[in-house]
Amino acid sequence: MRYNVREEILALTPEWRGERFADGRPKVPDYYLEALRGMTLEEIWKPLFVKGYDNQFEGKLKRLHDDERKLIGRAVTAAFVPTRPDLHQVCFQAGMEEGRKGNYNQWVIDSLVEGDVVVADMYDKIYKGTFVGGNLATAIQTKTKTGGAVIWGGVRDLEQMRKVEGFQAYYRGIDPTPIRDFIMTGFNTVIRFGSAVCLPGDIVFADYSGVFFIPSHEVEEVVNGAAKTHIKDIFGFEMITQNIFTTAQIDRNTWTEEMLDQLVAFIREDPQGIEYRELDWSKEYDLARHGDPNDTQTAL
């Protein structure tokens, strides 16, 4: 039994070609994390959905703060099961031999670095399943700076947690009991989070709606795809308002070359297009010229 094994993380994330942390987790650049803060769930969802990533979202959660803040960061994953004496002895001994201190949840928090988000599958345990409270929320925020955790289980000490500046949490329920009777069977491994799947290094995107996990190797395309969706929406609204294009034309998955030409001109000339001027539209032009199997369908 070993925890947070670099070789296993590398094997789980072979499509990531960029920089990695010492433990092997993909280190998606901060630029993309900041870009995601200005995007919506619907904008980032589509590029993954059309690629077959159907199990990246979970919405059946409570939020510590109900303001407009988003929780975005690199996933540190942990998987737990109910306690069993012989298994606990094996797992806890393995952690002690690796030099870990405290309880299982503290092992995870001790590993965090700036930009991380804890993603814990506590198997929906709320009574005695309170992964984080006031003290550990402070520790998470101090280590990660952005401060966050998503827990498929419980939390406690809400009054204290709410006072930890910058900290945000998503969780299933609240209970005053301390965490008890559980075993960590995986640390930075693949986990099930409700109806979603998360790998170490995935980017956590959490907003009003719930929590969405973006595979590390897809983040660049998701961000660019979301940016394209955003500027196309701005442009499309203008064109519909001016009766230049119909809603049916704007809502098609594949635009014509004429529409793309006008979009590119809009981006080049209109102040609303300034931040989108580095986007590459060659793929869209290629689909317009050679056809797209989805070109008879409206946009998702």
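User: How many salt bridges does the count come to?

Analyst: A salt bridge needs a side-chain nitrogen of Lys or Arg within 4 Å of a carboxyl oxygen of Asp or Glu. This is a predicted model, and by that rule the count comes to 19 salt bridges. The protein has 35 positive and 47 negative side chains. The centres of these two sets lie 7 Å apart.

User: Which residue forms a salt bridge with arginine 84?

Analyst: Aspartate 86 does, and the closest N and O atoms are 2.6 Å apart. Aspartate 86 counts as partly exposed because its relative accessibility is 40%. For a network, look for bridges that share partners: Asp23, Arg25 and Asp116 are joined into one in this way.

User: Are arginine 69 and aspartate 67 buried or partly exposed?

Analyst: Arginine 69 is partly exposed, with a relative accessible area of 28%. Aspartate 67 is also partly exposed, at 30%. Their side chains meet in a salt bridge of 2.7 Å, N to O.

User: What does the side chain of arginine 63 reach?

Analyst: Here the thing to read is polar contacts, which are pairs of N or O atoms within 3.5 Å. The side chain of arginine 63 reaches the backbone oxygen of aspartate 67 at 2.8 Å. A second polar contact, of 3.1 Å, joins the side chains of arginine 63 and tyrosine 170.

User: Where is arginine 63 found, and why does it count as buried?

Analyst: Arginine 63 is found in strand S2, residues 62-63. Its relative accessibility is 8%, and therefore it counts as buried. Leaving out residues up to four places away in sequence, arginine 63 touches several others, including Arg69, Gln168, Asp207 and Tyr208.

User: Which side chain of opposite charge is nearest to aspartate 121?

Analyst: It is arginine 192, 6.7 Å away. Aspartate 121 is buried yet has no salt bridge. Aspartate 121 lies in strand S4, residues 116-132. Not counting residues up to four places away in sequence, aspartate 121 touches Ala78, Ala79, Phe80, Trp152, Ile191 and Arg192.

User: Why does methionine 161 count as buried?

Analyst: Its relative accessibility is 0%, so methionine 161 counts as buried. The residue is found in helix H7, residues 158-162.

User: What share of the residues in the whole protein is buried?

Analyst: Buried residues make up 49% of the 300 residues. The protein exposes about 14700 Å², and carbon and sulfur atoms supply 50% of that area. For the fold as a whole, read the secondary structure, which comes to eleven helices and twelve strands. Of the contacts between residues at least 6 apart in sequence, 74% join residues at least 24 apart. The C-alpha atoms fill a box of roughly 70 × 40 × 30 Å, taken along the principal axes.

How values were computed. Residues numbered from 1 in each chain as written. Predicted model: local features only at pLDDT ≥ 70, side-chain atom pairs only at ≥ 80, totals over all residues. Heavy atoms only, no water. Helix = DSSP H or I, 4+ residues; strand = E, 2+ residues; numbered from the N terminus. Buried < 20%, exposed > 50% of the residue type's maximum accessible area, 1.4 Å probe, protein only. Contact = heavy atoms within 4.5 Å. Areas by Shrake-Rupley, 256 points an atom, 1.4 Å probe, with all protein chains shown as cover. Lys, Arg positive; Asp, Glu negative; His and termini not counted. Charge placed at Lys NZ, Arg CZ, Asp CG, Glu CD. Polar contact = N/O pair within 3.5 Å; in protein donor to acceptor, adjacent residues only side chain to side chain.
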